There are 2 protein chains.
Amino acid sequence: MMSSSQAAPRRHTRQREAIVRVIQASRGPLAVNDILERAQREHDGLGIATVYRTLKLLLEDGTVRQVILPSGETRYEMSGLGHHHHFQCRRCGEVVDLDVCPVAVLTGTTLAGGYTVEGHELTLYGVCPSCQE
Amino acid sequence: MMSSSQAAPRRHTRQREAIVRVIQASRGPLAVNDILERAQREHDGLGIATVYRTLKLLLEDGTVRQVILPSGETRYEMSGLGHHHHFQCRRCGEVVDLDVCPVAVLTGTTLAGGYTVEGHELTLYGVCPSCQE
DNA sequence: CTAAATGCAAAATCTTTGCAGCCTC
DNA sequence: GAGGCTGCAAAGATTTTGCATTTAG
(Lines give C-alpha, C1' and ligand atoms only; values in the text may rest on other atoms or scores of the structure.)
Protein backbone atom coordinates (compact mmCIF):
# COMPACT_ATOMS: atom_id res chain seq x y z
CA MET A 1 0.00 0.00 0.00
CA MET A 2 1.04 3.57 -0.51
CA SER A 3 2.31 5.98 2.02
CA SER A 4 -0.59 7.69 3.72
CA SER A 5 1.19 11.04 3.94
CA GLN A 6 1.49 12.37 0.43
CA ALA A 7 3.22 15.67 0.11
CA ALA A 8 0.85 18.18 -1.44
CA PRO A 9 1.80 18.98 -5.03
CA ARG A 10 4.04 22.01 -5.11
CA ARG A 11 2.82 24.75 -7.41
CA HIS A 12 4.82 27.14 -9.48
CA THR A 13 3.92 30.75 -8.83
CA ARG A 14 5.47 34.03 -9.81
CA GLN A 15 6.06 34.80 -6.16
CA ARG A 16 8.00 31.62 -5.48
CA GLU A 17 10.01 31.93 -8.64
CA ALA A 18 10.93 35.49 -7.77
CA ILE A 19 11.98 34.53 -4.26
CA VAL A 20 14.20 31.68 -5.41
CA ARG A 21 15.73 33.79 -8.17
CA VAL A 22 16.61 36.50 -5.68
CA ILE A 23 18.36 34.06 -3.35
CA GLN A 24 20.21 32.37 -6.20
CA ALA A 25 21.45 35.68 -7.56
CA SER A 26 23.10 36.74 -4.31
CA ARG A 27 26.80 36.36 -3.48
CA GLY A 28 25.94 35.83 0.16
CA PRO A 29 23.05 35.06 2.48
CA LEU A 30 20.11 37.49 2.45
CA ALA A 31 17.84 38.80 5.18
CA VAL A 32 14.09 38.36 4.87
CA ASN A 33 13.66 42.04 4.10
CA ASP A 34 16.33 41.93 1.40
CA ILE A 35 14.46 39.06 -0.18
CA LEU A 36 11.12 40.83 0.13
CA GLU A 37 12.37 44.08 -1.39
CA ARG A 38 14.23 42.45 -4.25
CA ALA A 39 11.42 40.05 -5.07
CA GLN A 40 8.90 42.90 -4.99
CA ARG A 41 10.80 44.49 -7.87
CA GLU A 42 9.79 41.48 -9.92
CA HIS A 43 6.38 40.93 -8.42
CA ASP A 44 4.80 43.99 -6.85
CA GLY A 45 2.32 43.39 -4.08
CA LEU A 46 4.26 40.42 -2.73
CA GLY A 47 3.50 40.02 0.96
CA ILE A 48 5.93 39.28 3.76
CA ALA A 49 3.89 36.25 4.82
CA THR A 50 4.47 34.67 1.43
CA VAL A 51 8.19 35.18 1.81
CA TYR A 52 8.18 33.50 5.21
CA ARG A 53 6.00 30.65 3.99
CA THR A 54 8.11 30.09 0.91
CA LEU A 55 11.33 30.16 2.91
CA LYS A 56 9.86 27.57 5.26
CA LEU A 57 9.05 25.29 2.34
CA LEU A 58 12.47 25.79 0.81
CA LEU A 59 14.07 24.97 4.15
CA GLU A 60 12.07 21.75 4.42
CA ASP A 61 12.93 21.03 0.80
CA GLY A 62 16.56 21.47 1.55
CA THR A 63 16.71 24.02 -1.27
CA VAL A 64 17.67 26.78 1.11
CA ARG A 65 19.67 27.01 4.30
CA GLN A 66 19.22 29.36 7.22
CA VAL A 67 22.25 31.30 8.43
CA ILE A 68 22.09 33.03 11.79
CA LEU A 69 25.00 35.39 12.29
CA PRO A 70 26.59 36.02 15.70
CA SER A 71 24.86 39.41 15.70
CA GLY A 72 21.53 37.62 15.59
CA GLU A 73 20.66 38.53 12.00
CA THR A 74 18.83 35.71 10.26
CA ARG A 75 19.67 35.19 6.62
CA TYR A 76 19.01 32.64 3.89
CA GLU A 77 21.20 31.16 1.19
CA MET A 78 20.99 28.36 -1.38
CA SER A 79 22.06 25.08 0.13
CA GLY A 80 24.45 22.87 -1.74
CA LEU A 81 27.11 25.55 -1.84
CA GLY A 82 29.45 23.17 -0.10
CA HIS A 83 31.37 23.76 3.09
CA HIS A 84 31.98 27.46 3.43
CA HIS A 85 31.91 30.31 5.90
CA HIS A 86 30.84 33.92 5.95
CA PHE A 87 32.47 37.30 6.09
CA GLN A 88 30.51 40.30 7.26
CA CYS A 89 31.68 43.84 6.64
CA ARG A 90 31.49 45.93 9.78
CA ARG A 91 30.81 49.08 7.82
CA CYS A 92 28.18 48.18 5.24
CA GLY A 93 26.92 45.01 6.90
CA GLU A 94 27.01 42.96 3.72
CA VAL A 95 27.74 39.26 4.06
CA VAL A 96 29.63 37.28 1.45
CA ASP A 97 30.53 33.63 1.15
CA LEU A 98 34.12 32.62 1.72
CA ASP A 99 35.72 29.80 -0.18
CA VAL A 100 38.34 29.23 2.48
CA CYS A 101 37.94 27.33 5.73
CA PRO A 102 40.52 28.56 8.21
CA VAL A 103 39.44 26.14 10.93
CA ALA A 104 42.03 23.65 12.06
CA VAL A 105 39.85 21.03 13.74
CA LEU A 106 38.57 18.09 11.80
CA THR A 107 35.34 16.23 12.21
CA GLY A 108 36.04 13.39 14.60
CA THR A 109 38.68 15.25 16.55
CA THR A 110 38.35 14.89 20.29
CA LEU A 111 39.24 17.96 22.29
CA ALA A 112 40.73 18.07 25.75
CA GLY A 113 37.88 17.30 28.10
CA GLY A 114 36.46 14.67 25.79
CA TYR A 115 34.39 16.77 23.43
CA THR A 116 34.01 15.10 20.04
CA VAL A 117 33.81 17.63 17.22
CA GLU A 118 31.32 16.96 14.45
CA GLY A 119 31.09 20.33 12.75
CA HIS A 120 31.52 24.05 13.09
CA GLU A 121 30.20 27.46 12.13
CA LEU A 122 32.53 30.38 11.57
CA THR A 123 31.90 34.01 10.78
CA LEU A 124 34.73 36.42 10.03
CA TYR A 125 34.37 40.14 10.54
CA GLY A 126 36.23 42.96 8.93
CA VAL A 127 36.09 45.44 6.08
CA CYS A 128 35.10 44.62 2.53
CA PRO A 129 36.97 45.99 -0.50
CA SER A 130 34.22 48.50 -1.33
CA CYS A 131 34.46 50.01 2.13
CA GLN A 132 38.28 50.11 2.21
CA GLU A 133 39.06 53.10 0.02
CA MET B 1 30.72 72.68 34.42
CA MET B 2 29.69 69.14 35.19
CA SER B 3 28.35 66.59 32.82
CA SER B 4 24.61 66.94 32.59
CA SER B 5 24.00 63.21 32.21
CA GLN B 6 24.88 61.59 35.51
CA ALA B 7 24.53 57.83 35.56
CA ALA B 8 22.00 56.89 38.19
CA PRO B 9 23.60 55.23 41.23
CA ARG B 10 23.50 51.48 40.81
CA ARG B 11 21.85 49.65 43.70
CA HIS B 12 22.64 46.28 45.16
CA THR B 13 19.64 44.02 45.31
CA ARG B 14 19.19 40.34 45.98
CA GLN B 15 17.86 39.87 42.47
CA ARG B 16 20.88 41.39 40.79
CA GLU B 17 23.29 39.56 43.02
CA ALA B 18 21.58 36.27 42.28
CA ILE B 19 21.66 36.91 38.52
CA VAL B 20 25.36 37.76 38.48
CA ARG B 21 26.21 34.80 40.71
CA VAL B 22 24.40 32.45 38.37
CA ILE B 23 26.26 33.71 35.33
CA GLN B 24 29.62 33.60 37.09
CA ALA B 25 29.06 30.06 38.28
CA SER B 26 28.49 28.68 34.79
CA ARG B 27 31.11 26.94 32.65
CA GLY B 28 29.50 28.35 29.52
CA PRO B 29 27.01 30.95 28.34
CA LEU B 30 23.46 30.71 29.70
CA ALA B 31 20.07 31.36 28.13
CA VAL B 32 17.71 33.84 29.75
CA ASN B 33 15.52 31.02 31.00
CA ASP B 34 18.49 29.21 32.51
CA ILE B 35 19.37 32.39 34.35
CA LEU B 36 15.79 32.93 35.47
CA GLU B 37 15.34 29.40 36.77
CA ARG B 38 18.65 29.24 38.58
CA ALA B 39 18.30 32.69 40.09
CA GLN B 40 14.78 31.87 41.25
CA ARG B 41 16.25 29.09 43.39
CA GLU B 42 18.02 31.82 45.33
CA HIS B 43 15.30 34.42 45.08
CA ASP B 44 11.81 33.09 44.55
CA GLY B 45 9.38 35.38 42.84
CA LEU B 46 12.04 36.83 40.56
CA GLY B 47 10.42 38.09 37.37
CA ILE B 48 11.64 37.67 33.83
CA ALA B 49 11.54 41.43 33.27
CA THR B 50 14.09 41.91 36.02
CA VAL B 51 16.38 39.39 34.38
CA TYR B 52 16.16 41.21 31.05
CA ARG B 53 16.64 44.60 32.69
CA THR B 54 19.62 43.41 34.69
CA LEU B 55 21.20 41.77 31.67
CA LYS B 56 20.82 44.99 29.75
CA LEU B 57 22.59 46.92 32.49
CA LEU B 58 25.34 44.33 32.72
CA LEU B 59 25.80 44.51 28.96
CA GLU B 60 26.12 48.29 29.08
CA ASP B 61 28.48 47.86 32.05
CA GLY B 62 30.61 45.52 30.07
CA THR B 63 30.21 43.00 32.90
CA VAL B 64 28.46 40.54 30.64
CA ARG B 65 28.63 39.61 26.98
CA GLN B 66 25.88 38.39 24.70
CA VAL B 67 26.52 35.22 22.70
CA ILE B 68 24.21 34.35 19.83
CA LEU B 69 24.75 30.82 18.61
CA PRO B 70 24.32 29.80 14.96
CA SER B 71 21.06 28.12 15.98
CA GLY B 72 19.75 31.51 17.05
CA GLU B 73 19.84 30.84 20.79
CA THR B 74 20.80 33.93 22.74
CA ARG B 75 23.00 33.37 25.75
CA TYR B 76 24.99 35.43 28.23
CA GLU B 77 28.42 34.98 29.76
CA MET B 78 30.82 37.01 31.88
CA SER B 79 32.99 39.22 29.74
CA GLY B 80 36.71 39.32 30.36
CA LEU B 81 37.08 35.63 29.76
CA GLY B 82 39.57 36.39 27.01
CA HIS B 83 39.47 35.15 23.45
CA HIS B 84 37.60 31.89 23.35
CA HIS B 85 35.00 29.96 21.45
CA HIS B 86 32.08 27.69 22.22
CA PHE B 87 31.20 24.07 21.90
CA GLN B 88 27.57 22.97 21.87
CA CYS B 89 26.52 19.40 22.46
CA ARG B 90 24.02 18.26 19.85
CA ARG B 91 22.34 15.91 22.30
CA CYS B 92 21.90 17.87 25.52
CA GLY B 93 22.32 21.35 24.05
CA GLU B 94 24.73 22.50 26.72
CA VAL B 95 27.33 25.05 25.70
CA VAL B 96 30.81 25.16 27.21
CA ASP B 97 33.73 27.51 26.73
CA LEU B 98 36.73 26.26 24.81
CA ASP B 99 40.22 27.32 25.67
CA VAL B 100 41.52 26.59 22.20
CA CYS B 101 41.20 28.74 19.10
CA PRO B 102 41.44 26.54 16.02
CA VAL B 103 41.13 29.45 13.61
CA ALA B 104 44.08 30.03 11.33
CA VAL B 105 43.45 33.61 10.23
CA LEU B 106 44.94 36.47 12.13
CA THR B 107 43.58 39.93 12.64
CA GLY B 108 44.92 42.05 9.81
CA THR B 109 45.02 39.20 7.31
CA THR B 110 43.67 40.13 3.91
CA LEU B 111 41.77 37.40 2.12
CA ALA B 112 41.57 36.84 -1.60
CA GLY B 113 39.12 39.44 -2.88
CA GLY B 114 40.47 42.12 -0.56
CA TYR B 115 38.56 41.37 2.64
CA THR B 116 40.48 42.52 5.70
CA VAL B 117 39.86 40.31 8.69
CA GLU B 118 39.43 41.99 12.06
CA GLY B 119 37.87 39.24 14.15
CA HIS B 120 35.86 36.06 14.14
CA GLU B 121 33.24 34.01 15.92
CA LEU B 122 33.39 30.24 15.97
CA THR B 123 31.07 27.61 17.37
CA LEU B 124 31.94 23.93 17.34
CA TYR B 125 29.29 21.24 17.44
CA GLY B 126 29.51 17.69 18.63
CA VAL B 127 28.94 15.45 21.60
CA CYS B 128 29.96 16.24 25.14
CA PRO B 129 31.57 13.66 27.45
CA SER B 130 28.38 13.17 29.49
CA CYS B 131 26.43 12.28 26.36
CA GLN B 132 29.09 9.94 24.95
CA GLU B 133 28.64 6.84 27.06
C1' DC C 1 -13.21 23.02 -11.59
C1' DT C 2 -10.26 21.74 -7.35
C1' DA C 3 -7.20 22.65 -4.10
C1' DA C 4 -2.91 25.00 -3.32
C1' DA C 5 -1.10 29.72 -2.79
C1' DT C 6 -1.68 34.52 -1.69
C1' DG C 7 -2.49 38.77 1.04
C1' DC C 8 -4.42 40.70 4.88
C1' DA C 9 -4.87 40.91 9.61
C1' DA C 10 -4.96 38.55 13.90
C1' DA C 11 -2.16 35.43 16.88
C1' DA C 12 2.09 33.71 18.94
C1' DT C 13 6.74 34.31 20.77
C1' DC C 14 10.33 36.82 22.67
C1' DT C 15 11.86 41.20 24.57
C1' DT C 16 10.92 45.90 26.28
C1' DT C 17 8.36 49.36 28.77
C1' DG C 18 4.79 51.79 31.92
C1' DC C 19 3.28 51.96 36.50
C1' DA C 20 2.22 51.43 41.41
C1' DG C 21 4.31 49.70 45.33
C1' DC C 22 8.81 48.08 47.54
C1' DC C 23 13.36 48.33 49.23
C1' DT C 24 18.29 50.29 49.22
C1' DC C 25 20.99 53.80 50.81
C1' DG D 1 12.29 59.39 53.30
C1' DA D 2 13.77 59.78 48.04
C1' DG D 3 14.55 57.54 44.10
C1' DG D 4 15.99 53.56 42.00
C1' DC D 5 14.23 48.60 41.60
C1' DT D 6 10.71 45.03 41.15
C1' DG D 7 6.76 42.43 39.46
C1' DC D 8 2.89 42.56 36.77
C1' DA D 9 0.71 43.33 32.63
C1' DA D 10 0.48 45.83 28.47
C1' DA D 11 3.19 47.19 24.31
C1' DG D 12 6.72 46.31 20.52
C1' DA D 13 9.11 43.53 17.11
C1' DT D 14 9.47 39.60 14.43
C1' DT D 15 7.54 35.39 12.70
C1' DT D 16 3.42 32.34 12.15
C1' DT D 17 -1.34 31.24 11.25
C1' DG D 18 -6.55 31.69 9.94
C1' DC D 19 -9.50 32.85 6.34
C1' DA D 20 -11.65 34.49 2.14
C1' DT D 21 -10.14 35.06 -2.46
C1' DT D 22 -7.18 34.21 -6.35
C1' DT D 23 -4.90 31.24 -9.47
C1' DA D 24 -2.15 27.17 -11.20
C1' DG D 25 -2.82 22.89 -13.32
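Modeller: Let's begin with B:Arg53, where a polar side-chain atom lies 2.8 Å from a base nitrogen of DNA strand D. I call that a polar contact, a pair of N or O atoms within 3.5 Å; within protein, one must be able to donate a hydrogen and the other to accept it, and residues adjacent in sequence count only if both atoms are side-chain atoms. Bear in mind that this is a predicted model: local features need pLDDT of at least 70, side-chain atom pairs count only at pLDDT 80 or more, and totals for chains, interfaces and linings use all residues. Residues are numbered from 1 along each chain as its sequence is written, chains are lettered from A and ligands numbered from 1 in the order in which they are written, and side-chain values use heavy atoms, with hydrogens and water left out.

Colleague: Which part of DNA strand D does the side chain of B:Thr50 approach?

Modeller: A phosphate oxygen, 2.4 Å from an N or O atom of that side chain.

Colleague: How many residues surround DNA strand D?

Modeller: Near means that a heavy atom of the residue lies within 4 Å of the strand. Here 20 residues surround DNA strand D, with A:Tyr52 and B:Arg11 among the closest. They divide into 6 nonpolar (Ala, Val, Leu, Ile, Met, Phe, Trp, Tyr, Cys and Pro), 7 charged (Asp, Glu, Lys and Arg) and 7 polar (the others, Gly among them).

Colleague: Which helix gives the most to that surface?

Modeller: H3 of chain A, with 4 residues. Helices (H or I, at least four residues) and strands (E, at least two) are DSSP runs, numbered from the N terminus.

Colleague: Where does UniProt place the feature "binding site"?

Modeller: The unreviewed entry puts it at A:Cys89, A:Cys92, A:Cys128 and A:Cys131. They span 43 residues in sequence, yet no two of their C-alpha atoms are more than 8.2 Å apart, so they gather at one spot. UniProt annotations may be inferred rather than shown by experiment.

Colleague: Is A:Cys131 buried or exposed?

Modeller: Buried means under 20% relative accessible area, exposed over 50%, partly exposed in between (1.4 Å probe, protein chains only). A:Cys131 counts as buried because its relative accessibility is 19%, whereas A:Cys92, at 43%, counts as partly exposed. Beyond four places in sequence, A:Cys92 is in contact (heavy atoms within 4.5 Å) with A:Cys128 and A:Cys131.
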